[in-house]
Amino acid sequence: MNVAMLIAGGSGQRMKQDIPKQFINVNDRPVIVYTLEAFQKHPNVDAIAVVCLQGWEEILRAYAKQFNITKLQWIFPGGENGQESLRNGVMGLKEVCDAEDLVIIHDAIRPMVSQEIISENISCCMRHGSAITVIPCAEAMLLTDDKNSSTEMIPRDRLARTQTPQAFPLKKLVWAHEEAARRGIKESIATCTLMIELGEQIYFSTGSEKNLKLTTAEDIEIFKALLHSKKDDWMK
């Protein structure tokens with residue numbers, strides 16, 4: 001079974017809005033609904049779990065019913081930080097899924113994830129045992145110690161910008177979070193960084209610049225524009 005696990009446990013302080021960013025309405029539907037719909041309609045996703053900000057679970061269930069998200073099966077509580085939210089979701093799935101099931105972890109605030117990105121992520125994980133969605137680094141990258149100046153660059157051809165989804169077999173995720181607890185690793189910001197900290201090799205699947213993470217109010221404006229954009233016929 002392939003299970004999409006959406007991470008919606010954050011309060012969205014950088015967005016500086018009155019409600020969490022995953023529940024902000026854009027064109028009369030919450031951000032998280034766009035994300036849920038992407039996995040709802042994907043033929044190779046069998047079930048959906050959401051790690052939800054505590055206090056918003058019933059609102060999430062109401063939205064799932066309103067927008068016919070029939071694949072939503074489990075809601076787990078968010079944690080104090082990203083790693084704890086991920087752990088809560090993984091350990092929750094451990095109780096209800098098989099160890100060999102594939103878990104597709106995705107930020108609830110990446111509502112523009114395409115069917116192609118999901119497909120390639122699943123395929124890569126099935127081939128290699130892991131799949132981290134990435135895009136190339138197009139900008140010049142500078143190393144700074146004081147955030148005001150630099151004397152050193154980082155070759156961009158050695159860098160990959162990570163996105164979600166990030167897919168692993170459930171048993172691998174359970175191992176990673178149990179091993180992190182044993183080693184005292186508590187602040188890893190994503191599953192890919194946790195695996196790297198544990199010395200694991202991870203494999204890449206292809207992302208997109210459109211697979212935007214909604215972090216600031218400006219990102220919401222970009223999301224609105226992307227919703228109404230259409231690729232020109234002449235573009236390959």
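Me: Is Asp28 buried or exposed?

Reply: Asp28 has a relative accessibility of 72%, and because exposed means over 50%, Asp28 counts as exposed. Please keep in mind that this is a predicted model.

Me: Where is the place of Asp28, and what is its phi?

Reply: Asp28 sits in the loop between β2 and β3, and its phi is positive, about 70°, although Asp28 is not a glycine. Asn27 also belongs to the loop between β2 and β3, and its phi is near 55°, again a positive value in a residue other than glycine. At 42% relative accessibility, Asn27 counts as partly exposed.

Me: Then which residues does a cis peptide bond join here?

Reply: The cis peptide bond joins Thr164 and Pro165, with omega at about 15°, and Pro165 lies in strand β10, which covers residues 160-169.

Me: Changing topic, how do α3 and α5 pack?

Reply: Helix α3 (residues 82-94) and helix α5 (residues 170-183) pack at an angle of about 130°, and their axes are 10 Å apart. The two helices are therefore oblique to each other, and α3 passes α5 in a left-handed crossing. Among the residues making the contact are Leu86, Val90 and Met91 of α3, together with Leu173, Val174 and His177 of α5. The residues of this contact divide into 9 nonpolar, 2 polar and 3 charged.

Me: And Leu86, what does it touch?

Reply: Leaving aside residues up to four places away in sequence, Leu86 touches Met5, Ile7, Ile105, His177, Ala190 and Thr191. Leu86 is buried, with a relative accessible area of 7%.

Me: One more helix, then: which residues of α7 are buried?

Reply: In helix α7 (residues 217-227), the buried residues are Asp219, Ile220, Phe223 and Leu226. They cover an arc of only 120° around the axis, which puts them on the same side of α7.

Me: Why would residues a few places apart point the same way?

Reply: An α-helix has 3.6 residues a turn, so residues three or four places apart point the same way.

Me: What covers the buried residues of α7, and which exposed residues are on the face turned away?

Reply: The cover over the buried residues of α7 includes β2 (25-26) and α1 (31-40), while the face turned away from the buried side carries the exposed residues Glu218 and Glu221.

Methods
Residues numbered from 1 in each chain as written. Predicted model: local features only at pLDDT ≥ 70, side-chain atom pairs only at ≥ 80, totals over all residues. Heavy atoms only, no water. Buried < 20%, exposed > 50% of the residue type's maximum accessible area, 1.4 Å probe, protein only. Helix = DSSP H or I, 4+ residues; strand = E, 2+ residues; numbered from the N terminus. Arc of directions from axis to C-beta. Contact = heavy atoms within 4.5 Å. Axes fitted to C-alpha atoms, helices over the stretch in contact; angles between N-to-C directions. Parallel < 35°, antiparallel > 145°, perpendicular 65-115°, else oblique. Left-handed = near helix turned anticlockwise from the far one by under 90°. Nonpolar A, V, L, I, M, F, W, Y, C, P; charged D, E, K, R; others polar.
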